[in-house]
Amino acid sequence: MVGIPRQCLEESVEALADQGKWTSFIDILALLVFGIVLFPNVDGLVDLAAINAFLAYHHSRESPIIAILADAYDTFDLRCKKSSA
């Protein structure tokens, strides 16, 4: 899997809060929310789907709903293939 370890992001959030760098703190915290709540695919990893959805929302204010639906479809499709095999 391609992504960023969640622990690394959590440590960065703590360091940024201690330094008072609130803009970066909010961005990384939002990325963590995308990875943990919206795209919980792999434990301990914020994967590429979460990163792409966050960047699309952050830079273009695109709705993450399309990415969430696509991710859900892929997950259901993969699970159905495993159960029918």
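## Overall architecture

The protein contains four helices and two strands. Along the sequence these elements follow the pattern β-α-α-β-α-α. A box of roughly 50 × 25 × 15 Å, taken along the principal axes, is filled by the C-alpha atoms.

Of the 85 residues in the protein, 22% are buried. The accessible surface comes to about 6,000 Å², and carbon and sulfur atoms account for 61% of that surface. Contacts between residues at least 6 apart in sequence were also examined: 50% of them join residues at least 24 apart.

Helix α1 covers residues 6-19, which makes 14 residues. From its first C-alpha to its last the helix reaches 20 Å, close to the 20 Å expected at 1.5 Å a residue.

Which residues of α1 are buried? They are Leu9, Val13 and Leu16. Seen down the axis of α1, the buried residues fall within an arc of 70°, so they line one face of the helix.

After α1 comes Gly20, with a positive phi near 75°.

How many salt bridges does a search of the whole structure find? The search finds one. Side chains of opposite charge can pair when their charged atoms come close. Here the side chains of Glu10 and Arg6 meet, at 3.1 Å from N to O. Both residues lie in helix α1, where they are four residues apart, about one turn of the helix. Arg6 is partly exposed, because its relative accessible area is 31% and thus falls between the 20% and 50% limits.

At 26% relative accessibility, Ser12 counts as partly exposed. Cys8 is found in helix α1 as well, and Cys8 counts as partly exposed at 39% relative accessibility.

Helix α2 spans residues 22-38 and includes Val37. Val37 is exposed, because its relative accessible area of 58% is over the 50% limit for that class. Val37 also belongs to a nonpolar surface patch of about 380 Å², which it forms with Leu29, Val33, Ile36 and Leu38.

## Helix α3

Helix α3, residues 48-60, has 13 residues. The distance from its first C-alpha to its last is 18 Å, close to the 18 Å expected at 1.5 Å a residue. The buried residues in α3 are Ala50, Ile51, Ala53 and Phe54. These residues cover an arc of only 165° around the axis, which puts them on the same side of α3. Just after α3, Arg61 takes a positive phi of about 60°.

## Helix α4 and distances along the chain

Arg79 is found in helix α4, which comprises residues 65-84. Arg79 is exposed, with a relative accessible area of 60%.

| Residue pair | Separation along the chain | C-alpha distance |
|---|---|---|
| Ser12 and Phe25 | 13 residues | 8.0 Å |
| Cys8 and Gly44 | 36 residues | 9.6 Å |
| Arg79 and Ser24 | 55 residues | 37 Å |

## Summary

The predicted model shows a protein of four helices and two strands.

Terms used
Residues numbered from 1 in each chain as written. Predicted model: local features only at pLDDT ≥ 70, side-chain atom pairs only at ≥ 80, totals over all residues. Heavy atoms only, no water. Patch = residues over 30% accessible without salt bridge, like charges linked within 9 Å, V, L, I, M, F, W, Y side chains within 5 Å. Areas by Shrake-Rupley, 256 points an atom, 1.4 Å probe, with all protein chains shown as cover. Salt bridge = Lys/Arg side-chain N within 4 Å of Asp/Glu carboxyl O. Buried < 20%, exposed > 50% of the residue type's maximum accessible area, 1.4 Å probe, protein only. Expected span 1.5 Å × (residues − 1). Arc of directions from axis to C-beta. Contact = heavy atoms within 4.5 Å.
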